[in-house]
Number of protein chains: 2
Amino acid sequence: MLAEMITVGDELLLGQTVDTNSAWMGEVFATHGIALHRITSISDDAEEIVAALDEARARVDLVLMTGGLGPTRDDITKQTLANYFGMELRMNEEVLQRISAWFHGRGLPMLPVNEAQAMLPDGCTVLPNPRGTAMGMWFDAPQDGRSQVVISMPGVPYEMKGLVEEEVLPRVLSKWDLPTRYHRTVLTQGIGESYLSKIVHEWEEDLAQNGVSIAYLPAPGQVRVRLSAVSTDEGAAQRRVDAAMEAFLNLAGEHVVADGDTSVAAALVELLTQRGETLTTAESCTGGAMAAAVTSVAGSSAVFEGAVVAYANAVKVNVLGVDASDIQRHGAVSESVVTAMAEGARERMGTTYALAASGIAGPGGGTPDKPVGTIWIALATPEGTEARCLKLGRHRGRNVQRTVLECLAWVLRTARSRNTH
Amino acid sequence: MLAEMITVGDELLLGQTVDTNSAWMGEVFATHGIALHRITSISDDAEEIVAALDEARARVDLVLMTGGLGPTRDDITKQTLANYFGMELRMNEEVLQRISAWFHGRGLPMLPVNEAQAMLPDGCTVLPNPRGTAMGMWFDAPQDGRSQVVISMPGVPYEMKGLVEEEVLPRVLSKWDLPTRYHRTVLTQGIGESYLSKIVHEWEEDLAQNGVSIAYLPAPGQVRVRLSAVSTDEGAAQRRVDAAMEAFLNLAGEHVVADGDTSVAAALVELLTQRGETLTTAESCTGGAMAAAVTSVAGSSAVFEGAVVAYANAVKVNVLGVDASDIQRHGAVSESVVTAMAEGARERMGTTYALAASGIAGPGGGTPDKPVGTIWIALATPEGTEARCLKLGRHRGRNVQRTVLECLAWVLRTARSRNTH
């Protein structure tokens, strides 16, 4: 079974919107064993839509379309599809009630253009969209004796995602009678995809014959590793994936920071909550980004007391109690200063752990001794304080991001290895 | 002159990478009056590459390709293009020296697969890429008497962007002898695209006949508005854009936070640097995100002293000097507490301005009195302190982001309106 994606919208071609829908769709369908064959982005133009549809239908069984279903004049996907399939637009009373309830619930007036969104092609299956006013449309269009389906969805990502999860995917899996899949994901950090793949090379070669497939899903500084197996017997698929994951963890477990499809900050908040422990940060070069990462997790207030961003040296001295003569002697980017920052923060905030970072994020401020990318980090715990020096690159944003990930993973590993008191 | 984009890579179709290159390219070319006609993403497969190329060449004059130029086995774009255009891969000694210098500069060993990146199609124009080891390739391929060009670039965004700015764009503009364009961008905040468009509706209707075009470039909570005009006489284009911009500012100036293609944080750092003023933040619900936004700007250390993330009430009391009985009486999310946070931070850090935020970011923690999205913000200045209450939505990440933007814009406007002392 082959599928393609067509995204419709002038804003995609003019670069006013990044098409994130296609990558999301690609990952979701790949998870179910259906790799997208092609992604095509076109403008809100009837001829373009028809041409792209004809081309895609000559290649694949399922065409997934997003975009062009809004209420304004430039949204013409619905009318174009009706014409294409020789259908009439008819008022769908049930949908009209849904749309009117949607506006009512938000206390907004319903305009005639929104009423018109309930006019739908009379031969399609309507896929209800509780998140908005543009419904999904499923067109059965068998060709030359084989099943073929065209599905049109709104381009607003969270409406589209809801539709895929609740309507599109269950129907597609049942129509093509696709087998169940079982997945497990772990989050690795600090090792590139190619190095990781090298470590597990032999194991990876045997995967296929064990009926397990692997996906490396990279993000800056991190790689998610997803194992999956497909079987009509879900128990068998799970056993195969679990066995393969155990072998993977034996080889590369030291690079794994979290089990599951999660983030290092979320894994940290979860672990500290379980352990009843707390954290603070004292940040110079990361400028609050560590604190922002932790507090982006809902429920982080249970483990995060607060933080001090000590950009200026005066703040390091006055708020964190760093010795001014230490800064004079060793510089703010030094082992002794970052250690004092972590210890000062831990003491003042009364937390289990304190992280500190002081470095030269760039692009300016480097010296031959301490080039841009030199970043000292420290972790204070009840057992004492450790400091390490990172040698990163020249890009300010990436240096901050990598320091944050490195620091959060450090607390996570330390907390895991300590005995619960 | 028409152009299309082809992005090559299995990772795009499997959703392991979001294709941000196409949107960037779309915006850059649109800025020069060339709208992309179509974007096609295909896998690392020779047949697919040839098919997509044939199709694109039947439609447009310029085909921009990214991806598939890496050193590993699955990267086959270069070999496929050489075959397609009937060229031989030959060792390019100048490029070999470039690549070897690239590795030398990083203290990394050069592997045979990297040497092979200097093997290039003998009939193409090499576009040097100082940021990496995969060069750009320009293929002149006139068809039926009209010029046609295919350009292949690496998929790594910052390498691709450098190549476009330094090599591709100047050559394209000169080859097709395109007229100069003049642009001006302003950053608006706190007003949606459709509301903005409504305010300036009549003005917008006259734009086209004045030879000026407008683009709304939305980002969360913000819309960049770009006016542009094209002319063989650059002075005339500039006068038209400036006149239109003046009229726009008369209508919607209150929503404009910065002139130029910038961010509110960058505009703030620039203004405070000019004025010799400083800033600190005292953050509860934003959890360090305000500090992180300011310090993401290079050079921010000139104006940013530091910040206190006061997540726990004890930190609000002990570090910022908030009255514990005030928290008891009014709650941490209140006018009096957020005012005390701003004043305490300004006093302790000795800055010109202090921003504070305390609110319920969600998803938990709401009460009937103070539902999720209730966020108090305060700004302390030499003239006194003001506080305001924002009523935002239910989404934690968006609430934090909108609060940050609102606060930074507030300081920016306040600083602009104060007399320089």
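This is a predicted model: local features need pLDDT of at least 70, side-chain atom pairs count only at pLDDT 80 or more; totals for chains, interfaces and linings use all residues.
In chain B, helices α11(B) and α16(B) run roughly parallel to each other, because their axes cross at roughly 30° and angles under 35 degrees count as roughly parallel.

**Helix packing**

The axes of α11(B), residues 264–275, and α16(B), residues 396–417, come within 10 Å, and their crossing is left-handed. On the α11(B) side, the meeting residues are Val264(B), Ala265(B), Ala267(B), Leu268(B), Leu271(B), Leu272(B) and Arg275(B). They face Leu405(B), Leu408(B), Ala409(B), Val411(B), Leu412(B), Ala415(B) and Arg416(B) of α16(B).

Helix α3(A), residues 46–57, packs against α4(A), residues 77–84, at an angle of about 55° with the axes 10 Å apart. That makes α3(A) oblique to α4(A). The contact brings together Ala46(A), Ile49(A), Val50(A) and Leu53(A) of α3(A) with Thr77(A), Thr80(A) and Tyr84(A) of α4(A). The crossing of α3(A) and α4(A) is right-handed.

**A closer look at α11 in chain A**

Helix α11(A) has twelve residues and reaches 16 Å from its first C-alpha to its last, close to the 16 Å expected at 1.5 Å a residue. Its buried residues are Val264(A), Ala265(A), Ala266(A), Ala267(A), Leu268(A), Val269(A) and Leu272(A). Among the elements that cover them are the strands β9, β12 and β13 and the helices α12 and α16 of chain A. After the helix comes Gly276(A), with a positive phi near 65°.

**Chain A as a whole**

Chain A contains 16 helices and 17 strands. Its C-alpha trace spans about 80 × 55 × 45 Å along the principal axes. Of its 421 residues, 46% are buried. Among contacts in chain A with a separation of 6 or more, 66% are between residues 24 or more positions apart.

**How the two chains meet**

Chain B can be superposed on chain A by a rotation of 179° with 0.6 Å of shift along the axis, giving an RMSD of 0.7 Å. That is the relation of a two-fold axis. The same surface serves both copies, as 100% of the contact residues of chain B recur in chain A.

At this interface, 49 residues of chain B are in contact with 49 residues of chain A. Elements of chain B that each supply at least two residues include α1, α2, β2, β10, α12 and α16. The largest share of the side of chain B that touches chain A comes from β14(B), with seven residues.

**Backbone details worth a glance**

Most residues other than glycine have a negative phi, and most peptide bonds are trans. The table collects some places that depart from this.

| Site | Backbone feature | Location |
|---|---|---|
| Gly362(A) to Pro363(A) | cis peptide bond, omega about 0° | Pro363(A): loop between β15 and β16 of chain A |
| Gly362(B) to Pro363(B) | cis peptide bond, omega near 0° | Pro363(B): loop between β15 and β16 of chain B |
| Asp144(B) | positive phi of about 45° | loop between β7 and β8 of chain B |
| Asp177(B) | positive phi of about 50° | loop between α7 and β9 of chain B |

Are the two aspartates, Asp144(B) and Asp177(B), buried or exposed? Asp144(B) counts as exposed because it has 5 C-beta neighbours inside 10 Å. Asp177(B) is exposed too, with 7 other C-beta atoms within 10 Å.

Key. Residues are numbered from 1 along each chain as its sequence is written. Chains are lettered from A and ligands numbered from 1 in the order in which they are written. Copies are superposed by least squares on the C-alpha atoms of residues with pLDDT of at least 70 in both. Two residues are in contact if their C-beta atoms, placed from the backbone, lie within 7 Å. Helices (H or I, at least four residues) and strands (E, at least two) are DSSP runs, numbered from the N terminus. The expected span of a helix is 1.5 Å times one less than its number of residues. A residue is buried if 20 or more other C-beta atoms lie within 10 Å of its own, exposed if 12 or fewer, and partly exposed in between; C-beta atoms are placed from the backbone. Axes are lines fitted to C-alpha atoms, for helices over the stretch in contact, and angles run from 0 to 180 degrees between N-to-C directions. Angles under 35 degrees count as roughly parallel, over 145 as roughly antiparallel, 65 to 115 as roughly perpendicular and the rest as oblique. A crossing is left-handed if the near helix is turned anticlockwise from the far one by less than a right angle, and right-handed if clockwise.
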